[in-house]
Amino acid sequence: MGSGGGSASLLGAVVLLAVLGPDHLAEGGCAGRCCHSRDWSCLSTDWSMQRVYGTCFCDDTCARTRDCCFDYFTECPAQDCVVGPWGPWSGCARPCRPSTRGRRRRVEQQPANGGAACPRLEERAGCLEYRDHTGGRCGPDLGPAFITSMAFGQKRPTHDSYGTPLDPGFCVEFTLQSRTAHCAVETRPHTHWTRYITEGFTVCVACQPPAMHNNTGSCQGDGLQSDKEAVLHWQALEVPRCAGTWRKVHKTQRCRCPPQHSFVFI
């Protein structure tokens, strides 16, 4: 068996020599020969990681194909992708109506030698701005209650530009009456929260500035002016086809629902 393995390695070396020419073969393992991706010319003649002497490789994919030279992992250590911090969120694409905002981050170090690939470099999320391009306040009727995850509310400012504390707002509890099937099938990272919207459950929705109107002290669709029997409509901001109805339970100063069932008005 040993002589057969040696013959196979020798045959492989002869085939590669015939294809690539004698100048491509060199002695000495992977020292100075680390290559990106699959590179048939990135080879040497030495002991392989399989303990077979002959042709071995020093490219990114040799670890997967099990044909690296014995010193590949010391001479060509894995280099993971490194990304910078997220940039600021952009403004909403369109004012006075449900829209999207985005943010990006840059690659500071590309992966090499089988290192971890780069993570997502761009994120998009729903948003709604309450002033138009001229700075005027949007109209009072924006349709149903638009909601998103509580994580969005945690990033809202708590003070105005002069350092004055903003109104902390309030919370409204609702009983979910119905929801569309699209809520349960979302797989994008920033829309996973819609999968927890379940009929019959109680959910908490926070009303905070800037969604809370200064003149009325309420949020669009919060149902404070409706009786408890009224069926109200809501819509997930990031997933327009995720929508449904709910009934108001009561208004409270703080949201007491579990995190998965806590949202904010937009």
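Guide: A disulfide is counted here when two cysteine sulfur atoms lie within 2.5 Å of each other. The model is predicted, so local features need a pLDDT of at least 70 and side-chain atom pairs count only at pLDDT 80 or more, while totals for chains, interfaces and linings use all residues. Residues are numbered from 1 along each chain as its sequence is written, and side-chain values use heavy atoms, with hydrogens and water left out.

Cys 207 and Cys 219 are joined by a disulfide with an S to S distance of 2.0 Å. The torsion about their S-S bond is about 95°, so this disulfide is right-handed. Cys 207 belongs to strand S9 and Cys 219 to the loop between S9 and S10, so the pair ties together parts that are 12 residues apart in sequence. Strands, like helices, are DSSP runs numbered from the N terminus: a helix (H or I) has at least four residues and a strand (E) at least two. Both Cys 207 and Cys 219 are buried; the term stands for a relative accessible area under 20%, with exposed set at over 50% and partly exposed in between (1.4 Å probe, protein chains only).

Strand S9 also holds Cys 204, which forms a disulfide with Cys 257. The sulfur atoms of Cys 204 and Cys 257 are 2.0 Å apart, and the torsion about their S-S bond is about 70°, so this link is right-handed as well. Cys 257 is in the loop between S11 and strand S12 (262–265), so the pair connects parts of the chain that are 53 residues apart in sequence. Cys 204 has a relative accessible area of 0% and is buried. For Cys 257 the value is 15%, and it too is buried.

A further disulfide connects Cys 183 and Cys 242, again with 2.0 Å from S to S. Its torsion is about 105°, so the disulfide is right-handed. Distant parts of the chain are linked by this pair: Cys 183 is in the loop between strand S8 (170–179) and strand S9 (202–207), while Cys 242 is in the loop between strand S10 (232–236) and strand S11 (243–252), 59 residues apart. Cys 183 is buried at 0% relative accessible area, and Cys 242 is likewise buried at 0%. In the whole structure, a search finds 10 disulfides.

Next come the charged pairs. A salt bridge requires a side-chain nitrogen of Lys or Arg within 4 Å of a carboxyl oxygen of Asp or Glu. The side chains of Arg 188 and Glu 186 meet in a salt bridge, with 3.1 Å from N to O. Arg 188 is partly exposed at 37% relative accessibility, whereas Glu 186 is buried at 12%.

Elsewhere, Arg 38 forms a salt bridge with Asp 67, the closest N and O atoms being 2.9 Å apart. Arg 38 sits in the loop between helix H1 (2–20) and strand S1 (43–47), and Asp 67 in the loop between helix H2 (62–65) and helix H3 (72–75), so that distant parts of the chain, 29 residues apart, are linked. With a relative accessible area of 29%, Arg 38 is partly exposed, but Asp 67, at 18%, counts as buried. Salt bridges also link Arg 38, Asp 59 and Asp 67 in a network.

Arg 104 and Glu 122 make another salt bridge, and their closest N and O atoms are 3.9 Å apart. Arg 104 lies in strand S4 (residues 99–104) and Glu 122 in strand S6 (residues 122–127), so the pair ties together parts that are 18 residues apart in sequence. Arg 104 counts as exposed at 60% relative accessibility, while Glu 122 is partly exposed at 34%. The search of the whole structure finds 6 salt bridges.

As for the chain as a whole, it has 4 helices and 12 strands. Of its 266 residues, 39% count as buried. Among contacts (heavy atoms within 4.5 Å) with a separation of 6 or more, 64% are between residues 24 or more positions apart.
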